[in-house]
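Let us walk through this structure step by step. Keep the sequence and the 3D view side by side.

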Amino acid sequence: MKHILFINGHLNTGGVERSLVDVLKHMDYEKYAVDLLLLEDTGDYVSELPPEVKTRFRDIHHTYGGFASSIRQCITAHDWMCLRLRMLFLLRKILGSRALKPAAALLLGEHYYDCVIGFRPGICADLAGYSVKAKRRITWWHYGEFNVDRVAYDDMCSRMDAVAVVSQSCKEMLQGQLPGLADKLVYIPNMLDAVAIGQKAGNSPYTDDMLHIVSVGRLAPEKHFENVFPAAKALRQAGIDFAWHVIGDGPERSKLEALIVENDLKDHVILEGSKTNPYPYMKYADLFVHPSYVESQGLTVLEAMALGVPCVVTKSLGPCEFIEDGVNGLLTEQSPESLAEEVLAILNDKKLYQYIKENTKCPKQFGPERVMKQIETMIDGEM
């Protein structure tokens, strides 16, 4: 049996965390013994983990911030583990990332793994690359834009045996940014367990007959939820009785709350907050709208498609690979005007709506059996 370690910050609601939990739920535990190291929180999804997963939570929040304030936090809290880690982070600035070598011993004690997987760039991948004792090293890339330090990321990846990317477009983007990674890049999409999602959808949360639109995602600038408002205003002007449910939370929430008041849409745009189970809202909606400009894959779009909900999606790397415009969804340009135009188009054209609805389903390449076969091949070093 091979001993595998996954490293991530937390298991709070999010696309990366959803992907990680889905992988852990489908691992072959007769073949692999799995540890999961979390560095910030356990999170909303931890209850979904299989009992075979050994979770190790090591809170490193006291290492955050400036050096002096971090040291004060550590001493005040008698957090000697974080104090040692913070000193290693200081040495890293002087000696380079290989100064992190003792960090894994502080977090894990004596250990050795057949494979370590840093599921996010940053400290998770750096621990996997420079510190954990392992025969094989893997990191994952989940982002639709290159948003890391090129030199540092390239150096970390030089320590890896494979870099998993969740879309072909992301693979091409990384290869363009770092040509030396070409031989290590492995395309492995996030899986979509349509059966499990359907079982979670349960009963409708809606108690009226009005039109229901839903959008799901972190309320962050790159998701462009402000583009919802021109579309919502156009629907109201067209005399359509609707409620637009925005599921998620994040730093843009106060901005969106202000836009609701400014545009007099409090009866139409509803910020539902974060939901560990958004699927009832999605399944029983009439339309799913995704305004994000940056998606490596677009997992929430695939979830909506798996639930049979027609989708209007702003163009970005991931969704453009599996949505055929006008066939199994509508693609819009990256502008509020284009989003509003396509939302009105699909709602005003019953034939178009029905045609897209009939073609809305999750593509087979995202099924758990196929994706897990790819992951096991990568872990075993057989690709």
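A residue is called exposed when its relative accessible area is over 50%, and buried when that value is under 20%. Keep in mind that this is a predicted model.

Start with Ile94. Its place is in helix 3, which covers residues 80–95. Its relative accessible area is 62%, so Ile94 is exposed. Together with Leu91 and Leu95, Ile94 makes a nonpolar surface patch of about 320 Å².

Now move to helix 7, residues 168–177. Here Ser169, Cys170, Met173 and Leu174 are buried. They cover an arc of only 130° around the axis, so they lie on the same side of helix 7. Turn to the other side of helix 7, and you find Glu172 and Gly176 exposed. What covers the buried residues?

Finally, look at the cysteines. A disulfide needs two cysteine sulfur atoms within 2.5 Å. By this rule, the count of disulfides is zero. Take Cys124: the nearest cysteine sulfur belongs to Cys157 and is 14 Å away, and Cys124 is in no disulfide. With a relative accessible area of 4%, Cys124 is buried. Cys362 is in no disulfide either. For Cys362 the nearest cysteine sulfur is that of Cys311, 11 Å away. Its relative accessible area is 19%, so Cys362 counts as buried.

Conventions: Residues are numbered from 1 along each chain as its sequence is written. This is a predicted model: local features need pLDDT of at least 70, side-chain atom pairs count only at pLDDT 80 or more; totals for chains, interfaces and linings use all residues. Side-chain values use heavy atoms; hydrogens and water are left out. Buried means under 20% relative accessible area, exposed over 50%, partly exposed in between (1.4 Å probe, protein chains only). Helices (H or I, at least four residues) and strands (E, at least two) are DSSP runs, numbered from the N terminus. The arc is that of the directions from the helix axis to the C-beta atoms. Patches are made of residues with over 30% relative accessible area and no salt bridge: like charges are joined within 9 Å, nonpolar side chains (Val, Leu, Ile, Met, Phe, Trp, Tyr) within 5 Å. Accessible areas come from the Shrake-Rupley method with a 1.4 Å probe; for residues, only the protein chains shown count as cover. A salt bridge is a side-chain nitrogen of Lys or Arg within 4 Å of a carboxyl oxygen of Asp or Glu.
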